[in-house]
Structure formats: structure tokens, C-alpha cells
Amino acid sequence: LPLITRLARFDESEAVRYDAAVVLYHALSHEPSQRALCRAGAVKILTDLAATGPRTREVCSAALHQLPNDLMSHIDGQLLGVLMSLLDMKD
């Protein structure tokens, strides 16, 4: 996760941040690793990444939708906004 965090904070390229979101999406799709990734800060990384652009936000939202409800028990306004962005997607 430290490498993904560094990629997510790479301000010089939106494509790098998008790729970091895609990596997290795929990592969180592996159910046995979801709990450990969430404890390590994956949800915070996704909410931060979601603020960098609409394309990245959609991937972050999809990644968060893969998580079971018990891992999403501490939803704040920023996280809820990311989750809801899938509803706003157009084609």
C-alpha cells in the first residue's frame, strides 16, 4: 500500500493517479484482502483520489462498492459523495 499511496499523491499526472485507483479497485476485489487493505488505509486513499477528477472518482466509487457493509461502517460526507458518484455516471 505504501507504493500505491505514493502514486495516488503524484500531482504531476492524472493518469498515474487514475492507475493507482485502478490498482486499488483490483486489490479490493480480492475478498480475503479487503479487511487488511481497509485497516491499512485504502478507503482514505480512495476518498483522496476521488477528489482529483471525475474519471478517477468513478473508479474509486466502484472500488468502494465492492466492500461489504461492515467495512463501510464509518461513512462520512466525503466518502458518501464518492459512493454516490456511481449514480451520477453517464455512459
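Colleague: Cys-38 first: buried or exposed?

Modeller: This is a predicted model, and in it Cys-38 has a relative accessible area of 18%. The cut-off for buried is under 20%, so Cys-38 counts as buried.

Colleague: And what about Cys-60, buried or exposed?

Modeller: Cys-60 is buried, and its relative accessible area is 0%.

Colleague: What about the phi of Gly-41, which follows H3?

Modeller: The phi of Gly-41 is positive, near 110 degrees.

Colleague: Let's step back. How many helices and strands are there in the protein?

Modeller: The protein has 6 helices and 0 strands. Along the sequence the pattern reads α-α-α-α-α-α.

Colleague: How much of the protein counts as buried?

Modeller: The protein has 91 residues, and 40% of them count as buried.

Colleague: And what share of the contacts with a separation of 6 or more is between residues 24 or more positions apart?

Modeller: Those residues account for 57% of such contacts.

Colleague: Now the largest nonpolar core. Which residues touch the most other members?

Modeller: The core has 22 residues, and the ones touching the most other members are Leu-24, Leu-28, Leu-46, Leu-49, Cys-60, Leu-64 and Leu-67. At least two residues of this core come from each of helix H1 (2–8), H2, H3, H4 and helix H5 (54–65). H4 gives the largest share, 6 residues.

Colleague: What does Leu-67 contact, leaving aside neighbours within four places in sequence?

Modeller: Leu-67 is in contact with Leu-28, Gln-34, Cys-38, Val-43 and Met-72.

Colleague: You mentioned H4. How many of its residues are buried?

Modeller: In H4, 7 of the 9 residues are buried, so H4 is largely enclosed by the rest of the structure. The buried ones are Ala-42, Val-43, Ile-45, Leu-46, Thr-47, Leu-49 and Ala-50.

Colleague: At what angle do H2 and H4 pack?

Modeller: The angle is about 145 degrees, and the axes are 10 Å apart. The crossing of the two, H2 and H4, is left-handed. On the H2 side the contact is made by Arg-17, Ala-20, Ala-21, Leu-24 and Leu-28, and on the H4 side by Ala-42, Ile-45, Leu-46 and Leu-49.

Colleague: Last one, Leu-1. Where is its place?

Modeller: Leu-1 sits in the segment before H1. Leu-1 is partly exposed, with a relative accessible area of 26%.

Colleague: How far apart are Leu-1 and Ile-45 in space?

Modeller: C-alpha to C-alpha, Leu-1 and Ile-45 are 9.5 Å apart, while in sequence they are 44 residues apart. Leaving aside neighbours within four places in sequence, Leu-1 is in contact with Leu-24, Leu-37, Ala-40, Gly-41, Ala-42 and Ile-45.

Note on methods. Residues are numbered from 1 along each chain as its sequence is written. This is a predicted model: local features need pLDDT of at least 70, side-chain atom pairs count only at pLDDT 80 or more; totals for chains, interfaces and linings use all residues. Side-chain values use heavy atoms; hydrogens and water are left out. Buried means under 20% relative accessible area, exposed over 50%, partly exposed in between (1.4 Å probe, protein chains only). Helices (H or I, at least four residues) and strands (E, at least two) are DSSP runs, numbered from the N terminus. A nonpolar core is a set of buried Ala, Val, Leu, Ile, Met, Phe, Trp, Tyr and Cys residues joined through side-chain atoms within 4.5 Å. Contact means heavy atoms within 4.5 Å. Axes are lines fitted to C-alpha atoms, for helices over the stretch in contact, and angles run from 0 to 180 degrees between N-to-C directions. A crossing is left-handed if the near helix is turned anticlockwise from the far one by less than a right angle, and right-handed if clockwise.
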